Amino acid sequence: MNDITASFDISAAAAARVAEILADDPSAKALRVEVLAGGCSGLQYKFDLTDARTEEDLVLERDGATVFVDPVSLDFLAGAELDFKDSLMGAHFLVKNPNATASCGCGTSFSID
């Protein structure tokens, strides 16, 4: 495993949910994880199903799940983990990101000093 691949990981719970979603949508090949400007903390995570992969994408595979991450987003995700939570408050993907110095209450936006 190279340093880039080791810098972003997928939890077992996230892999199971991604695999389930992909099985229900045969046109999608992967979940794309992106970091975009915006949100109440300055940066925000975006999750989309996609069938398009670029040459520069990091491709992560685990337990039947495939996740694409572009190189710009990967800079903000170094050392982070994609996870999935299913609780009484709802089900959602979240990123456990050690680089985030602040985040909003819903967990979809963050900032880095």
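**Conventions for all views.** Contact means that heavy atoms lie within 4.5 Å. The views show a predicted model, in which local features need pLDDT of at least 70 and side-chain atom pairs count only at pLDDT 80 or more, whereas totals for chains, interfaces and linings use all residues. Residues are numbered from 1 along each chain as its sequence is written, and side-chain values use heavy atoms, with hydrogens and water left out.

**View 1. Overview of the protein chain, which has three helices and nine strands.** Helices (H or I, at least four residues) and strands (E, at least two) are DSSP runs numbered from the N terminus, and from that end the elements follow one another as α-β-α-β-β-β-β-α-β-β-β-β. Of the 113 residues in the protein chain, 38% are buried, where buried means under 20% relative accessible area, exposed means over 50% and partly exposed lies in between (1.4 Å probe, protein chains only). Among contacts between residues at least 6 apart in sequence, 52% join residues at least 24 apart.

View 2. R32 counts as buried because its relative accessibility is 12%. A polar atom of the R32 side chain lies 2.9 Å from the backbone oxygen of A52. When neighbours within four places in sequence are left aside, the contacts of R32 are K46, F47, D48, T50, A52, R53, T54, D57, F68, V69 and D70.

**View 3. Strand β5 (residues 65–69) and its pairing with strand β4 (residues 58–62).** Two strands are taken as paired if DSSP finds at least two bridges between them; β4 and β5 run antiparallel and are joined by five bridges. Within this pair, L58 stands opposite V69, and V59 has F68 as its bridge partner. Two residues lie between the strands of this hairpin, and D63 takes a positive phi near 50°. β5 also pairs with β2, here in the parallel sense and over three bridges, with V33 opposite V69. In a regular strand the side chains alternate between the two faces of the sheet. In β5, A65, V67 and V69 point one way while T66 and F68 point the other way, and all are buried; the strand is accordingly described as mostly covered, with five of its five residues buried.

**View 4. The open sheet of three strands, in the order β1-β6-β7, with mixed pairing.** β1 (8–10) and β7 (90–96) stand at the edges with a single partner strand each, so one side of each has no neighbour in the sheet. Direction ignored, neighbouring strands of this sheet are turned by 25° against each other on average, the axes being lines fitted to C-alpha atoms (for helices over the stretch in contact) and the angles running from 0 to 180 degrees between N-to-C directions. β1 and β6 run parallel and are joined by three bridges, and D9 has E81 as its bridge partner in β6. Helix α2 packs on the sheet and touches β1, β6 and β7, its direction making about 75° with that of β6.

**View 5. Helix α2 (residues 12–24) and its buried face.** The 13 residues of α2 reach 19 Å from the first C-alpha to the last, close to the 18 Å expected at 1.5 Å a residue, an expectation defined as 1.5 Å times one less than the number of residues. The buried residues of the helix are A14, A15, V18, A19, I21 and L22. Seen down the axis, these buried residues fall within an arc of 165°, so they line one face of α2; the arc is that of the directions from the helix axis to the C-beta atoms. The face turned away from the buried side carries the exposed residues A23 and D24.

**View 6. L82 in strand β6 (residues 80–87).** L82 is buried, with a relative accessible area of 0%. Its C-alpha atom is separated by 6.2 Å from that of D9, although L82 and D9 are 73 residues apart along the chain. Not counting residues up to four places away in sequence, L82 touches F8, D9, I10, S11, A14, L31, V33, F47, V67, F93, L94 and V95.

View 7. D83 is buried, with a relative accessible area of 5%. A polar contact is a pair of N or O atoms within 3.5 Å; within protein, one must be able to donate a hydrogen and the other to accept it, and residues adjacent in sequence count only if both atoms are side-chain atoms. The side chain of D83 makes such a contact with the side chain of S11 at 2.7 Å and another with the side chain of K96 at 3.0 Å. Apart from neighbours within four places in sequence, D83 is in contact with S11, A13, A14, H92, F93, L94 and K96.
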